[in-house]
Amino acid sequence: MDVLTPAQRQLNMSRIRGRNTKPELLVRSALHAMGFRFRIHVRTLPGSPDLVLRKYNVAIFVNGCFWHGHGCHLSKLPATRTEFWRTKISDTCVRDSRAIQQLHLQGWRVIVLWECSIRAVTPEGLIRTWARLRTAICASKSRLVQIPMLKR
Ligand SMILES: [Zn+2]
């Protein structure tokens, strides 16, 4: 029996930081719509990638811009406890690049899909993001693709 309204559930999920966030759900439904098969939250791989497409040898991270220090307009540091956040986020960045390195060593290609390419974009922008994602999965030979391109 379902005791939560969809709105309540949405709110609950948005509070579970890092997992089942809205951008991640959007990516999953877009991949489904494009006909891709994937596993989610694969803890047996370095960094527990959010999505893994074994057929394409691709691991995907859907990164929140603030938590993972993207350096874009969504990742401004708070005015209070700035040093605390700077340290916390830079630790996350170190873990992220280690995970990517290890995935590369195991032969995986990695796609980092940043929140700012999904959230707060126009419908056309979102279509561009999915097109880039599809290209990155199917047609790219790069070991690391960032969407959007790294701004820092
Ligand atoms: Zn960003």
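**Reading the fold around a zinc ion**

Residues 24 or more positions apart account for 58% of the contacts in the chain with a separation of 6 or more. A contact here means heavy atoms within 4.5 Å. The model is predicted, so local features need pLDDT of at least 70 and side-chain atom pairs count only at pLDDT 80 or more, while totals for chains, interfaces and linings use all residues. Residues are numbered from 1 along each chain as its sequence is written, and side-chain values use heavy atoms, with hydrogens and water left out.

Start with the parts. Four helices and five strands make up the elements of the chain. Both kinds are DSSP runs, numbered from the N terminus: helices are H or I with at least four residues, and strands are E with at least two. Read from the N terminus, the order is α-α-β-β-β-α-β-α-β.

Now the surface. The chain exposes about 9,400 Å², and carbon and sulfur atoms supply 56% of this area. Accessible areas come from the Shrake-Rupley method with a 1.4 Å probe; for residues, only the protein chains shown count as cover. Of the 152 residues, 40% count as buried. Buried means under 20% relative accessible area, exposed means over 50%, and partly exposed lies in between (1.4 Å probe, protein chains only).

Next, find the metal. Which atoms coordinate the zinc ion? They are Cys 65 (SG), His 70 (ND1), Cys 72 (SG) and Cys 116 (SG), at 2.0 to 2.4 Å. Donors are N, O and S atoms within 2.8 Å of the metal (3.2 Å for Na, K and Ca); water is not among the atoms, so sites may look incomplete. Along the chain, the donors of the zinc ion follow the spacing C-x4-H-x1-C-x43-C. The angles among the four donor atoms run from 101 to 119°, and the site is tetrahedral. For four tetrahedral donors, the ideal angle is 109.5 degrees.

Cys 72 sits in the loop between β3 and α3. Cys 72 counts as buried because its relative accessibility is 7%. Its C-alpha is 10.0 Å from that of Glu 115, which is 43 residues apart from Cys 72 in sequence. His 70 is buried too. So is Cys 116, with a relative accessible area of 8%. Cys 138 is partly exposed, because its relative accessible area is 43%. The structure holds zero disulfides; a disulfide is a pair of cysteine sulfur atoms within 2.5 Å.

Helix α3 spans residues 82-105 and holds Thr 92. Is Thr 92 buried or exposed? Thr 92 is buried, because its relative accessibility is 12%. Beyond residues up to four places away in sequence, Thr 92 touches Trp 67 and His 68.

Turn to the nonpolar residues. In soluble globular proteins, nonpolar side chains tend to be buried together. A nonpolar core is a set of buried Ala, Val, Leu, Ile, Met, Phe, Trp, Tyr and Cys residues joined through side-chain atoms within 4.5 Å. The largest such core has 19 residues, and Val 27, Leu 31, Ile 60, Ile 111, Leu 133 and Ile 137 have the most contacts inside it. Two or more residues each come from α2 (22-33), β2 (51-53), β3 (58-63), β4 (109-114), α4 (123-138) and β5 (144-147). Helix α4 gives the most, with four residues. A second, separate core has 14 residues, including Leu 45, Cys 65, Leu 103 and Val 110.

Ile 147 lies in strand β5. Ile 147 is buried, because its relative accessibility is 2%. Leu 113 is 34 residues apart from Ile 147 in sequence, but their C-alpha atoms are 4.9 Å apart. Thr 129 belongs to helix α4 and is buried at 4% relative accessible area. Val 145 is also found in strand β5, and its relative accessible area of 16% makes it buried.

Conventions: Four donors count as tetrahedral if all angles lie between 85 and 135 degrees; four count as square planar and six as octahedral if opposite donors are over 155 degrees apart and all others between 65 and 115; anything else is irregular.
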